[in-house]
Amino acid sequence: MRSIAILGATGSIGRQTLDEVSRHPDRFRVAALSAHTNREALFEAVRAFRSPAACLTGADLGEIPKDLSFCQFYARDELEKMVRECEADDVLDAIVGIAGLGAAWAARQAGKRLLLAIKETLVTGGRLIMDACGPNEDGPTLLPVDSEHSAIFQCLQAAGPNKVKTIFLTASGGPFRTWSRERIQKATLEEALRHPTWSMGAKITVDSASMFNKALEIIEARWLFDVTPEQIQAVVHPQSIVHSMIGFEDGAVLAQLGVPDMRVPILYAMTYPERLESGVPAPDFAALSSLTFEPGDPERFPALRLAYETLNAGGASCCVLNGANEVAVAAFLKGLIPFGSIYACVEETLNRLGVLPAEEIADIYEADRLARRAARDYLKL
Ligand code: NAD
Ligand code: MG
């Protein structure tokens with residue numbers, strides 16, 4: 001029996017995690033839950049899972065229903081306090097954006113195992129988070145939930161002592177995979193939210209359309225698997241059946257396959273190294289007519305180029321890329337800027353700020369603050 005804190009419990013990943021908890025009540029107990037603004041959904045989840053702790057991070061709690069007196073509620077600025085104090089073995093971090101960084105940090109400071117869904121934590125906190133996540137006597141203290149990184153992690157279980165030569169990070173290509181550069185620049189919100197294979201929250205769906213999601217994942221993979229940027233290759237695979245692959249010196253490649261359903265990587269992180277029934281069937285290979293692959297195109301999707309440029313620039317560059325992208329995506333979701341301005345904003349912010357230091361957590365927050373300010377200036381928000 002393991003107890004789990006689920007941060008971002010009302011989101012797409014959070015709800016699927018709760019599904020898996022319900023599927024295996026003999027294996028998991030909820031230790032804490034967080035949501036941002038949806039207090040009713042938080043109360044409902046606390047009630048259903050008898051969570052002994054809960055935090056609403058983006059609004060006041062208001063009056064707490066009488067039947068929830070068994071739960072200790074934390075105020076909006078007390079997420080990290082809850083993460084430290086709750087009785088979780090594992091903390092599943094599925095909050096959107098850099099907002100998840102502090103909680104991830106707090107989880108590791110408190111010796112809790114981190115199940116990381118959110119990529120922005122490693123994109124911004126990279127080396128610092130990895131330094132805080134060395135393995136202990138029970139095994140890894142950080143397990144990836146992002147489907148590609150879970151796939152790579154699963155393949156690595158079969159690598160033995162052999163070094164990985166190349167990580168092939170697959171990408172669906174998003175809704176604009178076949179579009180011209182000009183058409184992508186003018187894409188509407190409705191078009192950007194129409195993801196061909198995955199159903200996800202709004203921010204990551206827009207990131208998938210711009211391929212900033214893949215850029216963030218390239219950076220995430222660099223830190224998780226301690227490889228150089230040049231060892232990571234993004235491969236567009238529109239069917240989203242191959243979730244990623246690792247290649248070795250002898251030319252052999254291992255892949256992890258499955259239908260595009262996050263419950264598999266979520267449950268694998270929760271039960272590693274064991275596998276339990278997840279509710280997800282294997283792909284129907286007879287019905288799959290083909291699996292296709294094509295190169296990622298940095299001309300039409302500059303995010304793919306920016307991932308390597310920021311990794312090679314070092315310091316807090318990846319954090320600046322992330323902060324500018326968060327500001328631009330939020331503005332695009334509100335209808336304030338055209339789709340093409342997301343790229344322009346990130347690139348201009350990176351050029352304007354240069355390479356900032358990333359020696360300690362405070363540097364990361366400062367780089368994020370400067371990036372957001374520069375991005376807002378550029379977009380005239
Ligand atoms: P979502 O928008 O559906 O849910 C986000 C959750 O975080 C909600 O519970 C929300 O209340 C909370 N939240 C939002 N802003 C917050 C803030 N500022 N502070 C605290 N809490 C906040 O998003 P999602 O699709 O579940 O994605 C969550 C994370 O997982 C993202 O970082 C995303 O990149 C990553 N991820 C998602 C998927 C997927 O299939 N949905 C796949 C891989 C990785
Ligand atoms: Mg992913």
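Q: Where in this predicted model does Pro273 have its place?
A: In this predicted model, the peptide bond from Tyr272 to Pro273 is cis, with omega near 5°. Most peptide bonds are trans. As for the secondary structure around Pro273, helix H11 covers 263-271 and strand S12 covers 294-295, and the place of Pro273 is in the loop between helix H11 and strand S12.

Q: Is Met211, with its positive phi, buried or exposed?
A: Phi of Met211 is near 70°, a positive value in a residue other than glycine, and Met211 is found in the loop between helix H9 (202-210) and helix H10 (212-224). Most residues other than glycine have a negative phi.

Q: Which residues are the closest to ligand 1?
A: The shell that surrounds ligand 1 holds 22 residues, and by class it has 12 nonpolar, 7 polar and 3 charged residues. Of the residues in this shell, the closest are Thr10, Ser12, Ile13, His36 and Gly201.

Q: What share of the accessible area of ligand 1 does the protein cover?
A: A backbone N or O atom of Ser12 lies 2.9 Å from an oxygen atom of ligand 1, and a backbone N or O atom of Ile13 likewise lies 2.9 Å from an oxygen atom of ligand 1. A polar backbone atom of Ile95 is 3.5 Å from an oxygen atom of the ligand. On its own, ligand 1 has 820 Å² of accessible area, and the share of this that the protein covers is 85%.

Q: Why does ligand 1 lie between domain 1 and domain 2?
A: The position of ligand 1 follows from which parts of the chain give residues to its shell. Ligand 1 lies between the two domains because residues of the shell come from both domain 1 (2-144) and domain 2 (149-313).

Q: How many Å apart in space are Ile337 and Leu381, C-alpha to C-alpha?
A: Ile337 is found in the loop between H13 and helix H14 (340-353), and this residue is buried, with a relative accessible area of 9%. In sequence, Ile337 and Leu381 are 44 residues apart, whereas in space their C-alpha atoms are apart by 9.5 Å.

Q: Which side chain joins that of Glu148 in a polar contact?
A: Glu148 is found in helix H6, which spans residues 147-156. Its relative accessibility is 8%, so Glu148 counts as buried. A polar contact of 3.1 Å joins the side chain of Glu148 to that of Ser147.

Q: Which residue has its backbone nitrogen 3.3 Å from a polar atom of the side chain of Ser244?
A: Ser244 is found in strand S10 (residues 242-247), and with a relative accessible area of 0% it is buried. The backbone nitrogen that lies 3.3 Å from a polar atom of the Ser244 side chain belongs to Thr170.

Q: How many Å apart in space are Asp207 and Asp368, C-alpha to C-alpha?
A: The place of Asp207 is in helix H9, and at 1% relative accessibility Asp207 counts as buried. Asp207 and Asp368 are 161 residues apart in sequence, and their C-alpha to C-alpha distance in space is 18 Å.

Conventions. Residues are numbered from 1 along each chain as its sequence is written. Chains are lettered from A and ligands numbered from 1 in the order in which they are written. This is a predicted model: local features need pLDDT of at least 70, side-chain atom pairs count only at pLDDT 80 or more; totals for chains, interfaces and linings use all residues. Side-chain values use heavy atoms; hydrogens and water are left out. A residue is near a molecule or strand if one of its heavy atoms lies within 4 Å of it. A polar contact is a pair of N or O atoms within 3.5 Å; within protein, one must be able to donate a hydrogen and the other to accept it, and residues adjacent in sequence count only if both atoms are side-chain atoms. Accessible areas come from the Shrake-Rupley method with a 1.4 Å probe; for residues, only the protein chains shown count as cover. Ala, Val, Leu, Ile, Met, Phe, Trp, Tyr, Cys and Pro count as nonpolar, Asp, Glu, Lys and Arg as charged, and the others, Gly among them, as polar. Domain bounds come from an automatic or database domain assignment. Helices (H or I, at least four residues) and strands (E, at least two) are DSSP runs, numbered from the N terminus. Buried means under 20% relative accessible area, exposed over 50%, partly exposed in between (1.4 Å probe, protein chains only).
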